[in-house]
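Here is a short report for a reader new to this structure. Keep the sequence and the 3D view open while reading.

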Amino acid sequence: MSAIASSPLALCHQSLGARMIPFAGWNLPVEYSGLLAEHKATRQAAGLFDISHMGQVRALGKGALPALASLLANDPAKLRDGEGQYTFLLNQHGGVIDDLFLYRLGSEEYLLVVNASRHLEDLQVLTNSGCKDVLFQGAPGHTAGMALQGPKSPEILSRMLKADHTNPVPPARNRIAKYRLAGHEVLVAATGYTGEDGFEIFTDLSAGPVIWNAVLEAGKTDGLLPCGLGSRDSLRLEAGFPLNGQDLSPEITPIEAGLGFFVDLNQIRPFPGRPVLEEQKKNGTRRLCVGLKGQPGQPPPRHDYPVFQGDRKIGVITSGVPSPTLGHGIALALITTPAPACGQDLEFEVRGRRVPVKVSPRRFIPKK
Amino acid sequence: MNTPSDLLYAKSHEWLRLEKDSATVGITDHAQSELSDVVYVELPKPGRKVTAGEAIATVESVKAASDIYAPVGGEIVEANTALTSDPGLVNREPYGQGWLFRLKPDQPKPTGLLSPTDYAATLPH
């Protein structure tokens with residue numbers, strides 16, 4: 001996309017006084033009341049994020065499952081109706097074209113939720129795969145989406161979903177189901193990008209603003225705040241989640257990124273990059289993604305800063321941020337193996353000066 | 001945005017307050033608002049000689065690191081050490097306790113800076 005796309009929720013953002021920035025071809029809110037306030041609201045109560053830029057692609061037809069099984073790194077055959085999994089679309093070298101969430105809506109209907117920056121490329125790769133009896137549908141800009149995240153989100157959502165449907169309220173982790181919300185049909189998936197309990201709500205363009213306003217209203221007394229891309233990034237990094245384009249790229253494999261758990265090699269199932277991943281799972285990788293944590297009062301780590309062990313440059317920071325929850329810098333870094341163990345001292349360099357960090361688990365906040 | 005009338009301004013959003021022998025420098029209300037929550041400030045050491053337009057300090061918010069430029073040439077005489085423990089002063093009091101450093105200007109009359117009105121005209125709205 002050469003032009004900047006406008007979110008279906010653009011008017012909502014405008015009336016909330018959001019500060020907008022271009023991101024992956026979209027004009028999106030970076031913050032409303034302030035990054036720190038939004039971050040804190042999501043950790044302690046709830047936050048609502050516009051994710052309309054996230055691509056929604058359907059795989060339809062009786063060839064959908066075999067097609068996805070021959071294209072994606074996790075095994076879609078493990079999914080039953082209404083279940084979702086994190087997975088990858090890889091190139092022939094095992095590098096990540098996109099990391100995405102795959103949901104099985106029915107035996108002949110799957111939903112892929114993909115990164116905005118990779119949406120068109122994904123569609124091209126899927127469509128050109130030559131798979132039979134499958135239709136890949138879903139160009140950018142035809143759907144609305146929002147993420148309701150935080151410890152209060154199950155309560156807020158449960159109050160809003162009508163009690164007269166057959167699906168459990170709220171849906172269980174990684175499940176997706178249809179509901180009616182504020183008078184409109186929506187798909188609700190229990191997933192997110194913040195490390196909190198939460199939901200992603202997918203709907204059509206016209207229902208988007210109605211649902212956005214209804215959720216904000218319903219959560220007002222719980223401390224729900226509209227949240228922008230700024231806090232979305234600091235929240236995801238505290239949870240150790242990768243950002244496509246930084247921590248994942250066509251030059252980085254899921255094994256190097258430490259995400260081998262989401263690569264399934266159990267079945268005889270050729271997919272792009274599989275031989276590379278098999279080799280890496282067996283013999284290890286030359287690089288590995290590790291967590292780094294700094295100390296309060298030190299300059300925060302940032303994307304692209306070099307990492308040193310003594311005098312030797314051993315890697316580079318792929319994502320870094322001063323953690324609002326922890327009060328010190330946190331980062332993901334791609335390091336030459338053998339990667340130093342957790343607790344070991346490393347340094348990164350910023351403005352000609354070395355700053356001490358310790359190797360840490362990639363999840364910086366406790367798991368829910 | 002607040003743009004006090006007794007200060008001079010750089011296009012790069014620093015302000016300069018001329019005093020007897022020195023000048024105090026900080027970032028404007030507009031700049032702190034754009035950066036949002038400041039979490040770390042790196043300041044020049046006293047004694048350092050700087051030239052106008054030189055990047056000599058860094059203000060980091062959660063989002064990004066931003067360079068701060070010397071509005072005039074001179075010698076740094078003091079850095080605001082209070083910012084080490086409370087960098088948020090830059091947001092709360094950009095023209096007060098959130099000042100960044102003091103310098104002794106090379107020239108008694110600074111050149112190349114904007115009046116409050118001219119600076120305000122460079123801001124959105």
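A:P338 sits in the loop between β18 and β19 (345-350) of chain A. The model is predicted. In it, the peptide bond from A:T337 to A:P338 is cis, with omega near 0°. Another cis peptide bond joins A:V169 and A:P170, and its omega is about -15°. A:P170 lies in the loop between α5 and β11 (176-181) of chain A.

Next come backbone angles. A:A182 is found in the loop between β11 and β12 of chain A. Its phi is near 50°, a positive value in a residue other than glycine. A:A182 has 35% relative accessibility, so it counts as partly exposed. Chain B has a case to look at too: B:H13, in the loop between β1 (8-9) and β2 (14-18) of chain B. B:H13 is not a glycine, yet its phi is positive, about 75°. With a relative accessible area of 24%, B:H13 is partly exposed. A:G240, which follows α7(A), has a positive phi near 80°.

| Residue or bond | Angle | Value |
|---|---|---|
| A:V169 to A:P170 | omega | about -15° |
| A:T337 to A:P338 | omega | near 0° |
| A:A182 | phi | near 50° |
| A:G240 | phi | near 80° |

Now the helices. Two packed helices are described by the angle between their axes and the distance between the axes. Take helix α2 (residues 35-44) of chain A and helix α7 (residues 229-238) of chain A. They pack at an angle of about 50°, with their axes 8 Å apart. α2(A) and α7(A) are therefore oblique to each other. The crossing of α2(A) past α7(A) is right-handed. On the α2(A) side, A:L35, A:E38, A:H39, A:T42 and A:R43 make the contact. On the α7(A) side, the contact residues are A:G230, A:S231, A:S234, A:L235 and A:E238. By class, the contact of α2(A) with α7(A) holds two nonpolar, five polar and three charged residues.

How much of α7(A) is buried? Nine of its ten residues are, so α7(A) is largely enclosed by the rest of the structure. The buried residues of α7(A) include A:L229, A:R232, A:R236 and A:L237.

Helix α5 (residues 153-160) of chain A and helix α6 (residues 207-219) of chain A also meet. Their axes come within 10 Å and cross at roughly 115°. The α5(A) and α6(A) crossing is right-handed. A:I156, A:R159 and A:M160 of α5(A) touch A:A214, A:V215, A:A218 and A:G219 of α6(A). That contact has five nonpolar, one polar and one charged residues.

Last, the nonpolar cores. Which residues touch the most other members of the largest nonpolar core? Among its 37 residues, they are A:F88 and A:V263. Elements of chain A that each supply at least two residues of this core are β6 (84-90), β7 (96-106), β8 (109-114), β12 (184-189), α7 and β18 (329-336). Leaving aside neighbours within four places in sequence, A:F88 is in contact with several residues, among them A:L71, A:L72, A:V96, A:L248, A:L259, A:F262 and A:V263. A:D98 and A:D99 are also among the contacts of A:F88. A second, separate core has 26 residues, including A:I156, A:L161, A:V186 and A:L224.

Notes:
Residues numbered from 1 in each chain as written. Chains lettered and ligands numbered in written order. Predicted model: local features only at pLDDT ≥ 70, side-chain atom pairs only at ≥ 80, totals over all residues. Heavy atoms only, no water. Axes fitted to C-alpha atoms, helices over the stretch in contact; angles between N-to-C directions. Helix = DSSP H or I, 4+ residues; strand = E, 2+ residues; numbered from the N terminus. Parallel < 35°, antiparallel > 145°, perpendicular 65-115°, else oblique. Left-handed = near helix turned anticlockwise from the far one by under 90°. Contact = heavy atoms within 4.5 Å. Nonpolar A, V, L, I, M, F, W, Y, C, P; charged D, E, K, R; others polar. Core = buried A, V, L, I, M, F, W, Y, C linked by side-chain atoms within 4.5 Å. Buried < 20%, exposed > 50% of the residue type's maximum accessible area, 1.4 Å probe, protein only.
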